[in-house]
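Please prepare a briefing on the pockets, the nonpolar core and the backbone of this model, with the cut-offs behind each term.

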Amino acid sequence: MRDFVGMFLGYQREEPRYRFQLAVTLRADGRLIGNCGVRLLAPGARVAEIGYELAPEHWGRGYATEAARAMAAFGFGELGLHRLQSNCVADNTASAHVLEKLGMRREGHLREAQWYKGRWWDTLLYGLLEDEWRGEWGGGSRE
Ligand SMILES: CC(C)(COP(=O)(O)OP(=O)(O)OC[C@H]1O[C@@H](n2cnc3c(N)ncnc32)[C@H](O)[C@@H]1OP(=O)(O)O)[C@@H](O)C(=O)NCCC(=O)NCCS
C-alpha cells in the first residue's frame, strides 16, 4: 500500500497536474487504509475517472463511499469537471454499489473488456454529470 502512495505522491510533480490519487487514513489514528482519486483523461480535460481501493479489513464501513464522495466534490468543485466516470468489474458488487451511492448512472455493460488474473471480465461503465451532482448533493458537497 505504501509503494502505491509513493507513486501517487509523484503525481504532485506533474505540470500541469491532472491525477489526484490521495491516501485514505483513519480519522482516529491516521492509519493508512487505502487510496482514492480522480484522474483527468488528459491535462485540461473536464472529464475524469474515479477509483479507490481499501485494505480488506476495513471494507463494509462506508469508508470508500465517504472517500469517493469527497473526491467527487473536489472534482466537480475545484477541478471544474463536467463529467466523472468509472469502469468497474461487473462482479465487483461492492464497487458498483459505491458508485451508485455517489449518484452515478450505469451507462453500459462492456463484455470481456478487462484482462485480469488470467481471464477476461465484463465491466460496467458508470457516469455522473456536473448538473446531476449538483442536484444530488446541492452545490458540490454535503460533507
Ligand atoms: C470496492 C471497495 C473500495 C469498497 O469499499 P468499502 O469501504 O467496503 O465500501 P462501502 O462500505 O463504502 O460501500 C460498499 C457497499 O457495497 C455493499 N456491498 C458490499 N459487498 C457486497 C456484495 N457482495 N453484494 C452486495 N452489496 C455489497 C455494502 O453493503 C455497501 O453498501 P451499503 O452502504 O448500502 O450497505 C473495496 O471492496 C475494495 O477496495 N475492493 C478492492 C479494490 C476495488 O475493487 N476497487 C474498485 C475498482 S473499480
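In the residue classes used here, Ala, Val, Leu, Ile, Met, Phe, Trp, Tyr, Cys and Pro count as nonpolar, Asp, Glu, Lys and Arg as charged, and the others, Gly among them, as polar. By these classes, the lining of the largest pocket has 16 nonpolar, 13 polar and six charged residues. This is a predicted model, in which local features need pLDDT of at least 70 and side-chain atom pairs count only at pLDDT 80 or more, while totals for chains, interfaces and linings use all residues. Residues are numbered from 1 along each chain as its sequence is written, and side-chain values use heavy atoms, with hydrogens and water left out.

**Pockets**

- A pocket is an open set of points on a 1 Å grid over the protein atoms alone, where a 1.4 Å probe fits, with protein on both sides within 12 Å along at least five of seven lines, and its lining residues have an atom within 4 Å of a point.
- The largest pocket holds about 1,200 Å³ of space, and of the 35 residues that line it, Y52, E53, L54, N92 and S95 are the closest to its centre.
- Two or more lining residues of the largest pocket come from each of α1 (2-10), β2 (32-40), β3 (47-54), α2 (63-76), β4 (83-89), α3 (93-101) and β5 (105-116), with the largest share, six residues, coming from β3; helices (H or I, at least four residues) and strands (E, at least two) are DSSP runs, numbered from the N terminus.
- The second largest pocket has a volume of about 320 Å³, where a volume is the space filled by probe spheres set on the points, and grid points are joined across faces, edges and corners.
- Among the 13 residues lining the second largest pocket, V24, T25, Y63, E66 and A67 lie nearest its centre, and the lining divides into 10 nonpolar, one polar and two charged residues.
- At least two residues of the lining of the second largest pocket are supplied by each of β1 (19-25), β2 and α2, and α2 gives the most, with five residues.

**Nonpolar core**

- A nonpolar core is a set of buried Ala, Val, Leu, Ile, Met, Phe, Trp, Tyr and Cys residues joined through side-chain atoms within 4.5 Å, where buried means under 20% relative accessible area, exposed over 50%, and partly exposed in between (1.4 Å probe, protein chains only).
- The largest nonpolar core has 30 residues, of which I50, L84, M104, Y126 and W133 touch the most other members, and α2 gives the most to this core, with seven residues.
- Leaving aside residues up to four places away in sequence, the contacts of Y126 (heavy atoms within 4.5 Å) include L84, C88, A96, L99 and M104.

**Strand pairing and backbone**

- Strands pair if DSSP finds at least two bridges between them; β6 (119-129) pairs in the antiparallel sense with β4 over seven bridges and with β5 over eight bridges.
- V89 stands opposite T123 in β6, while L125 in β6 is the bridge partner of G108.
- β5 and β6 form a hairpin with two residues between them, and K117 in the turn has a positive phi of about 50°; K117 is exposed, with a relative accessible area of 68%.
- E112, in strand β5, also has a positive phi, of about 45°, although it is not a glycine.
- E15 and P16 are joined by a cis peptide bond with omega of about 0°, and P16 is found in the loop between α1 and β1.
- Most residues other than glycine have a negative phi, and most peptide bonds are trans.
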